[in-house]
Amino acid sequence: MKYLEEIDIGECFCFDKKIYILTEDFKRNGDKKCVDLKDGNQRWISSSSIIEIVDIYTLDKDSTISPIRERKNEYKTN
């Protein structure tokens with residue numbers, strides 16, 4: 001779980017049981033414009049909202065599953 005303000009533009013997340021993508025648009029009050037992946041509607045969501053990061057995958061012609069956006073391993077230690 002993270003706050004909406006902690007994620008990057010283009011990341012996907014779950015909020016109120018819907019999946020959204022964060023856009024680059026924002027309001028002076030800190031609200032951020034997000035696009036619902038199911039119906040394409042846009043919604044302003046408070047940057048202090050608690051969200052859950054969601055990964056989106058694609059399937060190629062060889063039935064290989066690949067993430068749309070690569071994520072850094074937060075737990076990897078060097």
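# Exercises on a six-stranded sheet

An open sheet of 6 strands runs in the order β1-β6-β2-β3-β4-β5, with antiparallel pairing. Strands are DSSP runs (E, at least two residues), numbered from the N terminus. Two strands pair if DSSP finds at least two bridges between them.

The model is predicted: local features need pLDDT of at least 70, side-chain atom pairs count only at pLDDT 80 or more, and totals for chains, interfaces and linings use all residues. Residues are numbered from 1 along each chain as its sequence is written, and side-chain values use heavy atoms, with hydrogens and water left out.

## Exercise 1: two hairpins

Task: trace the chain from β3 through β4 to β5, and describe each turn.

Solution. 
- Step 1. Strand β3 (residues 18-26) and strand β4 (residues 32-36) run antiparallel, joined by 4 bridges.
- Step 2. Look at facing residues. Ile 21 is opposite Val 35 in β4, and Tyr 20 has Asp 36 as its bridge partner there.
- Step 3. In the β3-β4 hairpin, 5 residues lie between the strands, and Gly 30 in the turn has a positive phi of about 100°.
- Step 4. Move on to strand β5 (residues 42-45), which pairs with β4 in the antiparallel sense over 4 bridges. Val 35 stands opposite Gln 42 in β5.
- Step 5. The β4-β5 hairpin also has 5 residues between its strands, and Gly 40 in the turn has a positive phi of about 80°.

## Exercise 2: an aromatic pair

Task: locate the 1 aromatic pair in the whole structure and classify it.

Solution. Rings of Phe, Tyr and Trp (its six-membered ring) pair if their centres lie within 6.5 Å; planes under 30 degrees apart count as stacked, over 60 as edge-to-face and the rest as tilted. The search finds 1 pair. The ring centres of Phe 13 and Tyr 20 are 5.6 Å apart with planes at 20°, so this pair is stacked. Both residues are buried (under 20% relative accessible area; exposed is over 50%, partly exposed in between, with a 1.4 Å probe and protein chains only).

## Exercise 3: salt bridges

Task: list the 3 salt bridges and place their residues.

Solution. A salt bridge needs a side-chain nitrogen of Lys or Arg within 4 Å of a carboxyl oxygen of Asp or Glu.
- Step 1. Arg 43 meets Asp 16 at 3.2 Å, N to O. This pair links distant parts of the chain: Arg 43 is in strand β5, Asp 16 in the loop between β2 (12-15) and β3, 27 residues apart. Arg 43 is partly exposed, at 32% relative accessible area.
- Step 2. Lys 18 meets Asp 36 at 3.9 Å, N to O. Lys 18 lies in β3 and Asp 36 in β4, so the pair ties together parts 18 residues apart in sequence. Lys 18 is partly exposed at 40% relative accessibility, whereas Asp 36 is buried at 6%.
- Step 3. Asp 25 pairs with Lys 33, their closest N and O atoms being 3.8 Å apart. Asp 25 is partly exposed, with a relative accessible area of 35%. Lys 33 counts as buried at 17% relative accessibility.
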